[in-house]
Amino acid sequence: MAIDPGFCAPGLDRADALRSDPDGLRAAMMRPGARLLRMSGLDPDIGEDGGLSWGSLAEADPEGDLLLLGLDDGAPRFAHVGHVLAQGQPIPLLWQALAVLPERDAAIYASARSLVDWHARHLFCARCGGDTRIEKAGWSRRCTQCSAEHFPRTDPVVIMLAEHEGRVLLGRQPQFPPRRLSALAGFVEPGETVEGAVARELYEEAGIRVHDIRYIKSQPWPFPSSLMIGCFAQAENDVLTIDTTELEDAQWINAAGVRAAMAGEDAAPFIAPPRLAIAHHLLEHWLETRG
Ligand SMILES: [Zn+2]
C-alpha cells in the first residue's frame, strides 16, 4: 500500500520517561521551543501552511492542565486539557479538513483529540465518584478520594472484508452518504479475540460463517478513541441474512466493481469509502493481493 490510512503516520516521540519526571516536565515547559497545539474545542486549528497550528504555552487557559503530547525533534509539544466537555464540528465536515492535513500532523492531532476528549469525560472517578486529577503529564488521572488510577481508553474495533469466490462483502449503514458501501465493522467485546470478533460480527450482521481470518493492518480512529483492526476472512458461502438493525444493505462485489469504485467511475456499483478510512486501504490491498 503506497499511502497509509489517516492517522497512521509516525507522530511525536511519546517521551514516556518524561511523563513521570516532574522536574524534567517542568523544565520541558520552560524550554523556549515548547509549543501548545492550538485547538478549538476538539477541532484542530489550521496554520497558514496548511498544517497544525502551534502557539506558546502562555496561550493555555490557566484554569486547565497541560498534557505532554511528546517531543518533536527534542522540542516539547503540549495540548491544553480543559474542565468542560469539549465540542467539535460534525465529523463529516472535520474529515474534509483532516483529509488535507499533512499525514504526520493528522497522526499528532488524533492522539491529542482522543486524550483531550477523554480527560473532559473523566473528571470523576468511575469507582467512587470522587474528583480525579491529571497525572503522568496527561496520560492518566487519579482519584483524589480513593486513589484509583484511570488510564485513557482505546476501544478495539474489528473491520473486515469477507471474501467468497472472487467477491468481497460490503455493507452500508443508514447514515452513509448515498451509494456508499464499506467494510463491515464492530467492537471487540470483553473476553473476545480479534478473530472471534470478526467471525461473530460477520455472522450477526450478514449471517455468514468465515474461516482463515487474517490480520492486515490497524488504524487509530479518534472519534472518540477506537483502534480499527483491519482483517480479511474467507466466507463458507455467499448466502446473506442481513441484520437490518445494523445494516441497510450488504452486497457481494467483484474485483471489477471494486476497481471501478476505487477509481471513482460513475458507472461503478458503489461509492468507495474515503481515503482517510482503513476500509479504503483494505479494498486496495484486496485488489493488489487477490490470487
Ligand atoms: Zn475514586
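**Entry 1**

I began at tryptophan 221, which stands opposite serine 226 in β14. The model I am reading is predicted; local features need pLDDT of at least 70, side-chain atom pairs count only at pLDDT 80 or more, and totals for chains, interfaces and linings use all residues. Residues are numbered from 1 along each chain as its sequence is written, and side-chain values use heavy atoms, with hydrogens and water left out.

I noted how elements are named: helices (H or I, at least four residues) and strands (E, at least two) are DSSP runs, numbered from the N terminus. Two strands pair if DSSP finds at least two bridges between them.

β13 and β14 run antiparallel, joined by 9 bridges. A hairpin of 4 residues links β13 to β14. On β10 (residues 155-164) I found parallel pairing with β14, over 9 bridges. There, proline 156 stands opposite leucine 227 in β14.

I checked burial next (buried is under 20% relative accessible area, exposed over 50%, partly exposed in between, with a 1.4 Å probe and protein chains only). In β14, 8 of the 10 residues are buried, so I call the strand mostly covered.

**Entry 1: serine 225**

Is serine 225 buried or exposed? Serine 225 is buried, at a relative accessible area of 7%. I located serine 225 in the loop between β13 (210-221) and β14 (226-235). I then listed contacts (heavy atoms within 4.5 Å). Leaving out residues up to four places away in sequence, serine 225 touches Ser114, Arg153, Thr154 and Asp155.

**Entry 2: the zinc site**

Which residues coordinate the zinc ion? I found Cys125, Cys128, Cys143 and Cys146, each through SG, at 2.3 to 2.4 Å. Donors are N, O and S atoms within 2.8 Å of the metal (3.2 Å for Na, K and Ca); water is not among the atoms, so sites may look incomplete. The donor residues follow the spacing C-x2-C-x14-C-x2-C in sequence.

The 4 donor atoms subtend angles of 97 to 116°, which makes the arrangement tetrahedral. For four donors, that term asks for all angles between 85 and 135 degrees. Cysteine 125 is buried, at 5% relative accessible area. Cysteine 128 counts as partly exposed, at 42%.

I looked at helix α2 (residues 22-30), where Gly24, Leu25 and Ala28 are buried. They cover an arc of only 100° around the axis, which puts them on the same side of α2. The arc is that of the directions from the helix axis to the C-beta atoms. On the face turned away from the buried side I saw exposed Pro22, Asp23, Arg26 and Met30. The cover over the buried residues of α2 includes α1 (16-19), β5 (65-72) and β6 (75-81).

I traced an open sheet of 4 strands, in the order β4-β1-β6-β5, with mixed pairing. Its edge strands are β4 (54-55) and β5, each pairing on one side only. β5 and β6 run antiparallel, with 7 bridges. Glycine 70 stands opposite arginine 77 in β6.

α2 packs on this sheet, touching β5 and β6, and its direction makes about 95° with that of β6. Axes are lines fitted to C-alpha atoms, for helices over the stretch in contact, and angles run from 0 to 180 degrees between N-to-C directions. Helix α4 (residues 103-121) also packs on the sheet, touching β1 (35-37), β4, β5 and β6. The direction of α4 makes about 155° with that of β5.

**Entry 3: the whole chain**

I counted 7 helices and 15 strands. Of the 291 residues, 48% count as buried. The C-alpha trace spans about 60 × 45 × 30 Å along its principal axes.

Notes
Four donors count as tetrahedral if all angles lie between 85 and 135 degrees; four count as square planar and six as octahedral if opposite donors are over 155 degrees apart and all others between 65 and 115; anything else is irregular.
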